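Okay, everyone, thanks for coming.

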Amino acid sequence: MRLLSLARLMLFAALLLSACRNNPSSPTSPLDIPSVYDSTGYTANVATEARVRTELAALTAHMQVGRNMDSTLTLASLRSFWDGTTLQQITPLLYRNKVNVALEELQKATGKRTRYPWESAPTGDGGVVPTTNGGRIGYLYDENMLEMEQVIEKGLFAAAMYNHAVSLINTGNITEATIDRLVEIYGAKPSFANNERSTDPQRDRFTAQYAARRSDINDRNSLYEQIKRNLITAKAAVRAGSAYNSERDKALADFKLNWEKVLAATVINYCHSTLAALTSGVRDDATITSAMHAYGEAVGFLSGWKAVPASQRRITDAQIDELLERLRAPFDATASAQSFRFLSSSPTAAELFRLDGRNDPGVGVIERLAQIYGFTDAEVESFKLNWVAQQNRR
């Protein structure tokens, strides 16, 4: 009788173990997460995303030809780097229309052969404000002192690239190749190089480049390291099978939020840079163009989120609109922003508190982003720095 009971118990245990193995919701052991990203098959898997990166780099390089005040760009040449590209195809119509307007504004500002008199903005079609006083090369602005190159390039980090990542995740058929594609469109490579060295073919670009800038290499919980772990974990979970779908889904949800945080932290960085230049007491071309270039990047990085479905981001439509209004660059006012007002020599007119809430902590872009994403005071202070430059990772 005792032997019969023991046999029944062993049979029950075997059936229970078999049931667990067949139940995708019951992993039999913790997920084994490697320390490095497996790059097997990577290059073949990311052909589409590599093409998008190449297309955005080419569009940006062509727009930057206009940074020389002696160079005239045609709208046809600009559009040849945009129309019919995969980059354009993955961009929602809302942001395609914004890019189209911005390209027209950018083209009109080129080839003026003399510095743009920012002191008189908004007048004329805009032009170049040189980075060296008396120079002929600088940043190219429309007549409102908004840099269209930044509205286009930096806006597409979210509007096109993040949107593409979301579409891959939402297919419902996530494979190891899918995770490779997320790495590529984010801007990293399998080595997660955490640098901007031109000699390193695995160097970070696009959002990954800004994640590196916002991350102290000695901080194992930096945004760069978190995203790296998110993607390694997601790939390990996919490889381990459907029993680990919950680990996969959490890793991908964290990846999306951390991507959003990287760009928000970068807006904070550029608001700090703008303020530093505008409050330096120097009002020459080099200082002003440095300030407004940083400002334009902040506008671009924020604008792109408006084209991402609200369900796929933490920041709401109302918060994006609120922040762009504080920057005097509402989403639908691409060609009629009032960016030039930040350049007023009158503190009352300049209203620099819109950037850092110096008179009211509740109204500055920096403080509002910290509230939305839960950044601590120490993190906001850290975001002032370009850690890549600080730690010689260029």
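Before the first residue, one definition: buried means under 20% relative accessible area, exposed means over 50%, and partly exposed is in between, with a 1.4 Å probe and protein chains only. Also, this is a predicted model, so local features need pLDDT of at least 70 and side-chain atom pairs count only at pLDDT 80 or more, while totals for chains, interfaces and linings use all residues. Residues are numbered from 1 along each chain as its sequence is written, and side-chain values use heavy atoms, with hydrogens and water left out.

You'll find T91 in the loop between α5 (86–89) and α6 (93–109); helices here are DSSP runs of H or I with at least four residues, strands are E runs of at least two, and both are numbered from the N terminus. What does T91 touch, not counting residues up to four places away in sequence? W82, R96, L156, A159 and A160, where contact means heavy atoms within 4.5 Å. A polar atom of the T91 side chain also sits 2.7 Å from the backbone oxygen of L87.

Next up, α6 itself. This helix has 17 residues and reaches 25 Å from first C-alpha to last, close to the 24 Å expected at 1.5 Å a residue; that expected span is 1.5 Å times one less than the number of residues. Its buried residues include Y95, K98, A102 and L106. Those buried residues of α6 pack against α3 (47–64), α4 (75–80), β1, β2, α7 (148–169) and α12 (285–303). After α6 comes G111, with a positive phi near 70°.

Keep K98 in mind, as it comes back with T334. T334 is in the loop between α13 (317–326) and α14 (347–350), and at 7% relative accessibility it counts as buried. The side chains of T334 and K98 are joined by a polar contact of 2.8 Å; that term means a pair of N or O atoms within 3.5 Å, where within protein one must be able to donate a hydrogen and the other to accept it, and residues adjacent in sequence count only if both atoms are side-chain atoms. Leaving out residues up to four places away in sequence, T334 touches K98, V101, A102, D142, L146 and M148.

Now two asparagines. Is N133 buried or partly exposed? Partly exposed, because its relative accessibility is 43%. N133 is in the loop between β1 (127–130) and β2 (138–141), and its side chain makes a polar contact of 2.9 Å with that of D284. N133 and A286 are 153 residues apart along the chain, yet their C-alpha atoms are separated by 5.6 Å.

N195, on the other hand, is buried, at 4% relative accessible area. It lies in the loop between α8 (176–186) and α9, and its side chain makes a polar contact of 3.0 Å with the side chain of D200.

Last stop, a helix pair. Helix α9 (residues 206–213) meets helix α11 (residues 245–278) through T207, Y210, A211 and R213 on the α9 side, and W259, V262, L263, T266 and Y270 on the α11 side. That's it from me, so over to you.
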